[in-house]
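Open the viewer and get your selection tool ready.

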Amino acid sequence: MPDVFLDPRLPDYFEDIDLSTPAGASAVLPAFLSSKIGVLRGVDLAALDFDLLRSISFPQLWEMKKFQFSRFALDFKARGEAAQYYALVLEACGRDMSRFNALLKQFTRLTRILDDLHARIFDGVVVERVDLLCRFSETRQENLHYDQDVGCDDHEGFRLYINIDSAPRIWGVSYQLNDLAERLAGRIKAEKLADLPSEQLVKTITSRVFGGWHNRADERAAPRHMVYFDPGDIWVVDGRSVAHQVLYGQRVITTYARIPLAANPTLSPSFHEKARAALTAASGPPNRADASITLRGPSILPPTSKHHGEASLAKPVRAGCAGSMNAAW
């Protein structure tokens with residue numbers, strides 16, 4: 001389980017979901033839609049060869065950043081060595097065909113595990129497609145940001161993550177979208193943004209605070225929870241609705257499920273609805289003072305956390321390996 005260090009300036013929007021209980025699976029999608037970070041327990045990953053998966057490293061290329069392994073596997077099955085990215089994947093396996101084939105088998109097993117998990121989470125939900133992606137290269141110090149999905153007003157983009165690596169994956173997470181919009185009310189002329197698609201609306205609002213890809217560390221004053229996702233941890237979050245950054249990580253599996261809103265009219269709140277609610281909140285009169293929105297520089301308040309109901313400094317609110325995390329912190 002992850003270790004979570006809560007910043008008192010932000011709400012605790014983490015939700016522990018036990019999938020070994022009948023009600024667990026039905027709680028995952030509502031947590032995602034409600035801009036929470038759902039941490040999933042009770043998923044059996046014993047069929048995976050973690051030693052093999054942790055020995056694979058992809059090159060630091062843009063096309064390998066979110067490598068769609070499910071599509072590559074289909075391409076390789078159809079075209080063999082002529083498949084796009086075949087040479088890159090083979091190179092990552094040390095040009096050893098036995099390791100290459102073993103990696104394909106691992107992703108077949110992983111797909112079966114995730115297909116079963118998605119079937120439980122999406123019971124009664126129409127899903128257009130599910131993509132399996134992997135990022136098997138080092139990530140350090142992303143900028144704090146919200147994800148941007150082009151043309152997302154007509155669908156949900158559900159994301160699930162698995163830390164495959166032997167080391168924790170370290171995230172910083174900050175404002176939920178509506179919270180940020182309320183703090184910006186009356187300051188950014190939001191009423192002029194009403195005709196923008198949702199992803200452009202959110203990008204325009206949030207870039208006033210966090211900048212863009214080349215502004216890493218410029219947003220240091222923003223409060224953030226610190227999260228250490230342990231090896232094997234599984235979580236869901238709508239990165240379009242929760243500001244986040246990867247501070248360090250090596251290997252992660254991601255699934256992306258495209259859920260059409262027209263076929264799921266009761267799915268709420270959709271990202272479109274959340275983006276419009278944020279626009280409404282940002283268009284109101286100034287009602288909340290927040291120095292982190294306007295000041296640049298180091299934060300003057302250290303992150304604190306609650307452990308078993310008691311306030312303390314630098315203690316995990318949910319401990320998977322508390323001793324090692326406290327030492328790292």
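Which residues of α7 are buried? Keep in mind that this is a predicted model. Select residues 198-210, which form helix α7. Ser-198, Glu-199, Leu-201, Val-202, Ile-205, Thr-206, Val-209 and Phe-210 are the buried ones. An α-helix has 3.6 residues a turn, so residues three or four places apart point the same way. Now look along the length of α7. Its 13 residues reach 18 Å from first C-alpha to last, close to the 18 Å expected.

Next stop: the largest pocket. It holds about 1100 Å³ of space. Select Lys-65, Lys-66, His-145, Asp-147 and Gln-148, the closest to the pocket's centre among the 38 residues that line it. Then colour the elements that give two or more residues to the lining: β5 (129-140), β6 (155-163), β7 (169-176), α7 and β10 (242-260). Which element gives the most? That is β10, with six residues. Colour the lining by class, and you get 13 nonpolar, 11 polar and 14 charged residues.

Move on to the backbone. Select Ser-268 and Pro-269: the peptide bond between them is cis, with omega near -5°. Pro-269 sits in the loop between β10 and α8 (271-283).

Now find Tyr-85, in the loop between α3 (69-79) and α4 (86-92). Its phi is near 75°, a positive value in a residue other than glycine. Tyr-85 is partly exposed, at 27% relative accessible area.

Last, select Arg-95, in the loop between α4 and α5 (97-121). Arg-95 is not a glycine, yet its phi is positive, about 55°. Is Arg-95 buried or exposed? Arg-95 counts as exposed because its relative accessibility is 54%, and the cut-off is over 50%.

Conventions: Residues are numbered from 1 along each chain as its sequence is written. This is a predicted model: local features need pLDDT of at least 70, side-chain atom pairs count only at pLDDT 80 or more; totals for chains, interfaces and linings use all residues. Side-chain values use heavy atoms; hydrogens and water are left out. Helices (H or I, at least four residues) and strands (E, at least two) are DSSP runs, numbered from the N terminus. The expected span of a helix is 1.5 Å times one less than its number of residues. Buried means under 20% relative accessible area, exposed over 50%, partly exposed in between (1.4 Å probe, protein chains only). On a 1 Å grid over the protein atoms alone, a cavity is a set of points where a 1.4 Å probe fits but cannot get out, and a pocket is an open set with protein on both sides within 12 Å along at least five of seven lines; lining residues have an atom within 4 Å of a point. Grid points are joined across faces, edges and corners, and a volume is the space filled by probe spheres set on the points. Ala, Val, Leu, Ile, Met, Phe, Trp, Tyr, Cys and Pro count as nonpolar, Asp, Glu, Lys and Arg as charged, and the others, Gly among them, as polar.
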